[in-house]
Amino acid sequence: MKTKWFPLIGTTILLISAGCQNDEETKTEENTEVVQVEEGEAKLVSLKESNLYGELQDKKIEHVHGIGYPGNRNELLIATHNGPLINYEDTWYEAKENKNDYMGFNAVSDGFYSSGHPGVGSDLLNPMGLIKSTDRGNTIEELGFQGESDFHYLTVGYESHAIYAVNQEKNSEMDIGVYFSEDAKEWEQVQLKGTPNQLSGIATHPVESNVLAITSPTGLYFSSNKGSSFERVSDEVAVSSVSFMGNQLVYAKENNRLVIQDLSMGDEKELPMPNDEIEMIDHIAVNPQNEKEIVFHTTNESIYRTTNLGEEWEQLVKKGKSLIKRG
């Protein structure tokens with residue numbers, strides 16, 4: 001597995017392909033995950049009581065497309081080619097149904113946004129376009145571009161739910177390029193001025209929708225005006241992944257080191273890393289309930305977690321094999 005870089009030519013994005021139900025009111029009664037809905041947030045049954053999820057059996061955890069903590073529930077969700085996995089209280093759970101291939105996965109305060117391809121037996125259109133779920137993927141809200149677009153590069157504000165989507169191929173509303181929306185209804189093109197010729201990823205602030213970070217082979221770039229202008233805020237080094245943690249950034253740079261940068265002061269500090277030899281870090285997630293808890297995934301399908309900003313690390317997955325005993 002290799003990190004995909006995509007070239008930027010003028011203001012037109014050309015992506016190297018990364019390879020690889022219905023209406024929101026539709027629910028399957030015998031498989032419902034929602035106990036009640038209060039103030040717009042789904043109150044879910046526990047994973048142990050879930051009809052959708054069961055404990056992960058002995059299979060590899062691989063082809064990961066994103067990681068995050070949806071719904072402020074301390075549940076780490078791993079979006080894979082063969083459906084979502086959840087790590088909670090030292091137990092891995094796998095979806096037994098709705099095993100969709102979630103590309104461009106983004107955890108948010110009440111669930112997750114994604115794109116990708118439907119799983120076997122699904123009634124969803126392929127590609128899925130832009131979708132959202134507030135109940136661990138049990139039901140899918142279709143937000144647009146169904147059967148048209150697969151957004152491999154997507155970022156959504158954790159609290160703001162503002163969306164930046166990198167569109168690879170022209171669809172009914174978008175040309176090739178990067179687009180912004182506050183509500184998934186009205187879209188405007190983002191120019192990305194001041195970025196290098198190649199980019200690897202995109203991330204937006206959890207609250208401030210105008211704030212955007214871009215990773216590239218030449219560094220980390222930052223914008224506070226919705227991409228109208230960028231400046232490099234790291235050394236001139238390859239940066240493979242980035243995530244916001246409040247008003248800080250945590251990013252992975254060459255030699256597979258994690259760096260935390262304060263957005264107001266610009267101060268940086270490197271985190272202590274595991275003693276293992278670490279492959280390239282391609283996904284980073286910070287638990288919004290505890291910003292000392294950071295998880296990263298590597299290109300050789302390993303996952304590490306710290307709950308104290310790197311003072312101690314636990315390896316959850318080693319080359320696709322879970323190191324956590326089933327509950």
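Guide: We shall discuss salt bridges and then aromatic pairs in this predicted model.

Visitor: How many salt bridges does a search of the whole structure find?

Guide: The search finds 10 salt bridges. One of them joins lysine 132 and aspartate 110, whose closest N and O atoms are 3.0 Å apart.

Visitor: Is lysine 170, which forms a salt bridge with aspartate 175, buried or exposed?

Guide: A residue counts as exposed over 50% relative accessible area. Lysine 170 has a relative accessibility of 65%, so it is exposed. The closest N and O atoms of lysine 170 and aspartate 175 are 3.7 Å apart.

Visitor: Which residue forms a salt bridge with glutamate 188?

Guide: The partner is lysine 226, and the closest N and O atoms of the two are 3.5 Å apart. Glutamate 188 lies in strand β17 (residues 188–190) and lysine 226 in the loop between β21 (219–223) and β22 (231–232), so the pair ties together parts that are 38 residues apart in sequence. Salt bridges may also share partners: in this way Arg73, Glu75 and Arg136 are joined into one network.

Visitor: What describes a pair of aromatic rings?

Guide: Such a pair is described by the distance of the centres and the angle of the planes. This structure holds 7 aromatic pairs. In the pair of tyrosine 164 and phenylalanine 180, the ring centres are 4.9 Å apart and the planes stand at 50 degrees, so the pair is tilted. Tyrosine 164 is in strand β15 (residues 163–167) and phenylalanine 180 in strand β16 (residues 177–181). Both of these residues are buried.

Visitor: Why is the pair of phenylalanine 296 and tryptophan 313 edge-to-face?

Guide: Planes over 60 degrees apart count as edge-to-face. The planes of phenylalanine 296 and tryptophan 313 are at 70 degrees, so the pair is edge-to-face, with ring centres 5.2 Å apart. Phenylalanine 296 is buried, with a relative accessible area of 0%, and tryptophan 313 counts as buried at 19%.

Visitor: Which residues form one aromatic cluster?

Guide: Tyr102, Phe105 and Phe112 form one such cluster.

Terms used: Residues are numbered from 1 along each chain as its sequence is written. This is a predicted model: local features need pLDDT of at least 70, side-chain atom pairs count only at pLDDT 80 or more; totals for chains, interfaces and linings use all residues. Side-chain values use heavy atoms; hydrogens and water are left out. A salt bridge is a side-chain nitrogen of Lys or Arg within 4 Å of a carboxyl oxygen of Asp or Glu. Buried means under 20% relative accessible area, exposed over 50%, partly exposed in between (1.4 Å probe, protein chains only). Helices (H or I, at least four residues) and strands (E, at least two) are DSSP runs, numbered from the N terminus. Rings of Phe, Tyr and Trp (its six-membered ring) pair if their centres lie within 6.5 Å; planes under 30 degrees apart count as stacked, over 60 as edge-to-face and the rest as tilted.
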